[in-house]
Amino acid sequence: MIHRFRWYEYGLIYLAHLLLLIFILAPFLEALLVSLRPLNAIFSIPYRFVTPDMGFDAYVTMWKNVPLLWRYILNSLFIATSVTVLALAAIIPAAWAFARFEFRGRDAFLGAFLAVNMVGGAVLIIPLFKLMVTLRILNTYMAMIVPGAAFTIPTGIWLLRSYLMRIPRELEEAAWVDGASRLYILRRVIVPIAMPGIVVAAIATFITAYAQQFLFALTFNSVNELSPLPVGIYQFFGRQRVIWNELMAASLVGILPVLVIYVVLQRYIVAGLTAGAVKE
Amino acid sequence: MGACVGQLNLKDVKKSFGAAEIIRGVSLDVDHGEFVVFVGPSGCGKSTLLRMIAGLEEISGGEVRIDDVVVNTLPPVKRGIAMVFQSYALYPHMSVFENIAFPLRVERRPQAEVEQRVRTAASILKLDSRLHFRPGDMSGGQRQRVAIGRAIVREPSVFLFDEPLSNLDASLRAEMRVELVKLHAELGATMIYVTHDQVEAMTMADRIVVLDGGEISQVGTPLELYHLPQNLFVASFIGNPKMNLIKVRCEKVDDAGIEVALPEAKGTINVPVDRRRGTKPGHALTLGIRPEHMTPDKSDLNLRLTADVVEHLGAQTVSYAGMSGMQEPFCAVHKGTAPVRIGQALTVGINAEDCHLFDGKGRAFRRRVDLARLAAAGDI
């Protein structure tokens with residue numbers, strides 16, 4: 001298909017882009033502005049875009065005010081990374097099986113995975129809590145990692161499966177004829193070829209794990225040292241007042257790792273998410 | 001290369017998917033060192049049969065033996081076969097060297113042996129200078145050679161080829177055909193080759209297996225299939241352009257042959273074939289004559305035709321003309337640049353000894369052809 005737009009059509013398209021971007025980025029901009037303001041200027045009425053005495057003080061003082069902040073950030077990274085690794089260990093072989101092998105109940109399982117995603121973690125918090133008590137893993141990293149992985153696996157399988165289905169079956173058959181075992185084929189043939197798809201699944205899992213850890217950390221962990229950033233950030237809530245500028249500064253610093261990963265790997269994401277959409 | 005044994009026996013081999021029978025009882029014996037081509041139209045089951053021999057498809061019934069061992073339930077690697085796929089099935093993330101070395105890596109062979117065997121295979125296939133390339137940087141013909149190299153390093157008793165040349169363009173295909181024949185002579189291994197292209201089958205095979213609807217229609221050398229097709233299917237499948245098949249009526253049956261009358265009183269011709277009990281005057285038969293067997297002079301029967309389409313190929317001229325008793329136009333090949341024009345009448349002569357005759361069920365009457373004499377005369 002060839003598209004030729006008129007100038008006003010281009011105008012409308014860019015206007016739509018602009019609106020969407022403003023909608024998405026405005027909170028980030030506000031967070032940045034708040035983090036730069038002194039605390040007493042935050043609630044000034046009328047609202048002013050630029051207030052006097054803006055600076056990066058909050059980025060320095062936050063480390064003193066909440067001494068464990070670096071620990072929370074590291075916890076967040078550690079939990080999200082562990083969730084990703086654990087989830088991938090299950091996603092890769094499972095996605096291959098769902099993509100390639102015929103077995104009874106395959107489609108039913110895939111449907112069930114989607115259903116799990118629809119239910120979501122919050123509904124299952126109480127049964128999960130009881131499970132954690134029984135397994136004696138309450139207040140450990142495990143309590144936050146295991147459910148995190150469990151809830152990201154279904155999406156990961158769906159994502160990676162569509163990618164794996166594009167790999168020609170003959171590649172596996174050739175390896176099979178040459179005497180390779182299933183695991184050998186997975187390791188030496190499928191995983192290297194599917195790397196772009198695996199990266200996409202990994203990023204999607206990491207971002208989800210980073211975002212969803214609040215719920216599990218809040219319910220399954222009460223040890224301060226193990227808290228991830230979203231929970232740790234509550235330390236900025238004082239008895240009398242909330243230190244908004246430091247809170248926002250900490251949030252932005254906490255988002256940075258994900259942002260960096262996303263920027264570095266975004267070409268994989270675009271390639272991977274659209275993979276299989278069009279027959280080549 | 002190590003000594004290859006390479007005997008393959010199929011006994012009443014069957015394959016069905018649910019109620020659908022894809023392979024309906026195939027029996028075949030392939031000797032050591034033979035180049036056997038499975039040929040047939042798409043959907044005839046030739047690839048399925050190959051995959052059953054390879055161990056990629058389950059065998060529903062019958063027996064597959066390789067080197068006198070029943071391999072029905074063995075995994076491919078234990079069958080002593082190597083397979084080359086239509087799409088080459090090269091691993092895009094590995095170098096040519098690693099692609100060829102793959103089967104040896106699976107067996108965890110020592111590095112020195114891997115090096116040596118890969119280099120031997122590469123030199124046979126003239127890939128020496130390209131071992132560090134990735135498959136993506138190579139042409140189709142080179143990729144196919146890498147795929148063959150991966151089969152060679154395993155030193156299998158039987159090579160299986162699944163339409164290996166159909167992804168190549170015409171000139172490269174002709175080149176690779178010659179190379180494969182040379183390779184076969186060099187390795188002396190048994191090769192089973194699947195193709196839908198009857199030219200590939202005719203040029204490469206020691207023996208051709210023509211498959212039709214999951215059954216063997218005929219097995220024979222290329223010349224046997226060309227001169228003595230046992231049925232209408234083989235007769236029309238082998239040869240290009242296709243054999244002309246004309247509906248005729250049986251006039252007279254005697255020891256000299258069978259005399260048949262062409263429709264619309266175009267004449268009669270006495271075809272020298274062995275008679276068969278039950279064939280009587282009045283029966284509907286099918287007369288077959290190959291387009292290349294037209295003689296301009298001293299023929300047994302002259303046909304006056306009007307060409308609808310004429311193709312001038314330089315070395316020969318092909319004409320197509322409407323003819324009663326035929327579903328397709330009557331095709332004739334004239335030597336050189338013949339003065340044949342569209343819409344103009346032309347006369348083609350046919351000789352009785354070139355004719356084929358088939359009964360109402362499509363079975364051929366035995367022609368009196370001496371294959372040894374034909375081969376000696378170089379009439380290929």
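Trainee: Which residues in H4(B) are buried?

Mentor: Keep in mind that this is a predicted model. The buried ones in H4(B) are Arg143(B), Gln144(B), Arg145(B), Val146(B), Ala147(B), Ile148(B), Gly149(B), Arg150(B), Ala151(B) and Ile152(B). That's ten of the 13 residues, so to speak a mostly covered helix.

Trainee: OK, and what covers the buried residues of H4(B)?

Mentor: The cover includes strands E6 and E7 (158-162) of chain B, along with helices H2, H3 (111-124) and H5 (170-187) of chain B.

Trainee: What should the 13 residues of H4(B) span?

Mentor: At 1.5 Å a residue, residues 140-152 should span 18 Å, and the end C-alpha atoms are 18 Å apart, which agrees.

Trainee: Switching to the chain contact. How many residues does it take from chain B and from chain A?

Mentor: Chain B puts in 17 residues and chain A 14 residues. On the chain B side, strand E6 (81-84) and helix H2 (96-106) each supply at least two residues.

Trainee: Which element gives the most to that side of chain B?

Mentor: H2(B), with three residues. The chain B side as a whole divides into 13 nonpolar, two polar and two charged residues.

Trainee: Now chain A. At what angle do H6 and H9 pack?

Mentor: H6(A), residues 141-164, and H9(A), residues 195-220, pack at about 155 degrees, with their axes 8 Å apart. H6(A) and H9(A) are therefore roughly antiparallel, since angles over 145 degrees count that way. The crossing of H6(A) past H9(A) is right-handed.

Trainee: How do the residues of that contact divide?

Mentor: Between H6(A) and H9(A) there are 16 nonpolar, nine polar and no charged residues.

Terms used:
Residues numbered from 1 in each chain as written. Chains lettered and ligands numbered in written order. Predicted model: local features only at pLDDT ≥ 70, side-chain atom pairs only at ≥ 80, totals over all residues. Contact = placed C-beta atoms within 7 Å. Helix = DSSP H or I, 4+ residues; strand = E, 2+ residues; numbered from the N terminus. Nonpolar A, V, L, I, M, F, W, Y, C, P; charged D, E, K, R; others polar. Expected span 1.5 Å × (residues − 1). Buried ≥ 20, exposed ≤ 12 C-beta atoms within 10 Å, placed from the backbone. Axes fitted to C-alpha atoms, helices over the stretch in contact; angles between N-to-C directions. Parallel < 35°, antiparallel > 145°, perpendicular 65-115°, else oblique. Left-handed = near helix turned anticlockwise from the far one by under 90°.
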